[in-house]
Amino acid sequence: MYRTHTCGELRLENKGEKVTLCGWVQRSRDLGGMTFTDLRDRYGITQLVFNMETNSSICESARELGREYVIQTTGIVAERSNKNPKMSTGDVEIIVDSLIILNVSEIPPFTIEENTDGGDELRMKYRYLDLRRANVRSNIILRHKMAQATRSYLDGQGFIEVETPVLIKSTPEGARDFVVPSRLHNGEFYALPQSPQTFKQLLMVAGFDKYFQIVKCFRDEDLRADRQPEFTQIDCEMSFVEQDDILDVFEGLTKHLFREVKGIDFNEKFPRMTYDDAMSYYGSDKPDVRFGMRFTDVTDKVKGKDFVVFDSSEYIGGICAEGCASYTRKQLDELTDYVKRPQIGAKGLVYARVDADGTVKSSADKFYGQEDLKNIASAMKASPGDLLLFLAGDKRKTLGALGELRLEMGRRMGLRNHGTFAPLWVVDFPLFEWDEETKRFYAMHHPFTSPKPEDIKYMESDPGRVHANAYDLVINGTEMGGGSIRIHDSSVQSLMFKTLGFTKEEAQYQFGFLLNAFKFGAPPHGGIAFGFDRLAAIFGGSDSIRDFIAFPKNNQAKDTMIETPSKIKQEQLDELGIEIKKVE
Ligand code: ASP
């Protein structure tokens, strides 16, 4: 037996016991007569004491211990005179009488402490050392708890966890596929699933009624802080359900996770907002509703006063930043620079301040009298001390830019802190999305999403106005999950493919298996998938999903620890019938 206890276990009650611990040497302090060593394992840190007076030989060997040496040590639990209330084991220490070095360690490339001196790159290269750090480890443990709580909740609701294959044919989630060449069938390829979408629908045709899976998905996309080429979904599907049934079950799951993992109770129903409202009031289909600051459309109020900027704009919208009238010229210039950044793309920023006596002062004073300005301020429910910010231009772009400005103001005003959670369902998404570049419609969710029955009549004549039975769960401005009620009627499915510009043959080639399955009695069904990494990151109060993945890829989609992607041998290429061509 290597150990009697873990390094996080001993308390005052254990005083006087003889114990054996194993772990890694976090650090040693040699104070001449005494050496103190922090011994670490997954469970915590325990202080070891080596005393020169009582046991000089063991104290000598303790002096040899380097950082990250793996040791086994036996001693008596003693009460510490100098207690450390920050550590769960901080009341005790071990007076060591035997020490065995189980393994030595090279000097680690960075300090293995919460506040490490290691930069991102180095930590990723030595991720197994990074994972020894308590804060990194606790993220992975949080993720584990969430996975367990998800399984137990869904199992309790009658869901069955089914694994679906990883070597498949292209899935319709709209990203680029990762492909795997086939050796047995040279020139042919598998695609890695962007999601198990088609399989979970087949499971409904198969009568499984309620399916879930915590599953890896693969999308070859440009990376961001909240995207990885492989990521995990809590993927679900149910039969004989309508939108409300799905929202109820998965609101239940979300509340269960908050309760079990974070100890937070949501007693109210999550608010629901239509996509159209989300866009008009927040300029985003994933509004952060931890704070208000909704947009006011002032187009009609401000046009026709000879202010060319506004007169030539399709849309003028504003937000009211409470208590920010004292913003300095410098701060306003910063905001102007912020909205003019190419990613945001506004041409400029117009502002107005409401003074303590109610007078409104604006950067466009020349064109607006006090009465006009007061009218606008009152339409925006502004009070003395508030700052009003306006953007103008093409409607779609301006709504988006105003959304970014709203988030920036929320950040500056401290309204977006990690400890507050504001879940929201966004519903009634459009079925299609027009792409200017390719001049065609794409499915906003995916091509199996069902249109609202009352909108089917516009599928051919005016696809842009068709709404879908599609929904997203948004928490704190991040899309946590999305899903839809599916099409189970083959004529509607054909219409869908037609609108998306598929010929019959193309539809048959890509999704023939599903269309065929639908000929054999497909039940009405629908589902949802949660981004599990994102959910873990939000629960952990971080913006980066990488912190919640044990072995993530970097922002160039590389794993620098195992050094992949990497070249393969010529023999392997030959077997696959593949010749590498240089791409510029
Ligand atoms: N397969 C969809 C996705 O990955 C989710 C769903 O429709 O259930 O976004």
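**Close-up 1. Lys439, an exposed residue in a loop between two strands.** Lys439 is exposed, with a relative accessible area of 51%, in this predicted model. Look for Lys439 in the loop that links strand E18 (432-435) and strand E19 (440-443). The backbone deserves a glance too: phi of Lys439 is near 55°, a positive value in a residue other than glycine. Most residues other than glycine have a negative phi.

**Close-up 2. Asn476, a buried residue with a positive phi****.** Here the loop runs between strand E20 (470-475) and strand E21 (478-485), and Asn476 is found within that loop. Its phi is near 50°, again positive in a residue other than glycine. Asn476 is buried, with a relative accessible area of 6%, whereas Lys439 in the previous view is exposed.

**Close-up 3. A cis peptide bond between Thr564 and Pro565****.** The bond joining Thr564 and Pro565 is cis, with omega about 5°. You will find Pro565 in the loop between helix H15 (532-539) and helix H16 (570-576). For comparison, most peptide bonds are trans.

**Close-up 4. The crossing of helices H10 and H12****.** The axes of helix H10 (residues 329-340) and helix H12 (residues 395-412) come within 10 Å and cross at roughly 140°. That angle makes H10 oblique to H12, and the crossing is right-handed. From H10, Gln331, Glu334, Leu335, Tyr338 and Val339 meet Glu404, Leu405, Glu408, Met409 and Arg412 of H12. Sorted by class, this contact has 5 nonpolar, 1 polar and 4 charged residues.

Technical notes: Residues numbered from 1 in each chain as written. Predicted model: local features only at pLDDT ≥ 70, side-chain atom pairs only at ≥ 80, totals over all residues. Heavy atoms only, no water. Axes fitted to C-alpha atoms, helices over the stretch in contact; angles between N-to-C directions. Helix = DSSP H or I, 4+ residues; strand = E, 2+ residues; numbered from the N terminus. Parallel < 35°, antiparallel > 145°, perpendicular 65-115°, else oblique. Left-handed = near helix turned anticlockwise from the far one by under 90°. Contact = heavy atoms within 4.5 Å. Nonpolar A, V, L, I, M, F, W, Y, C, P; charged D, E, K, R; others polar. Buried < 20%, exposed > 50% of the residue type's maximum accessible area, 1.4 Å probe, protein only.
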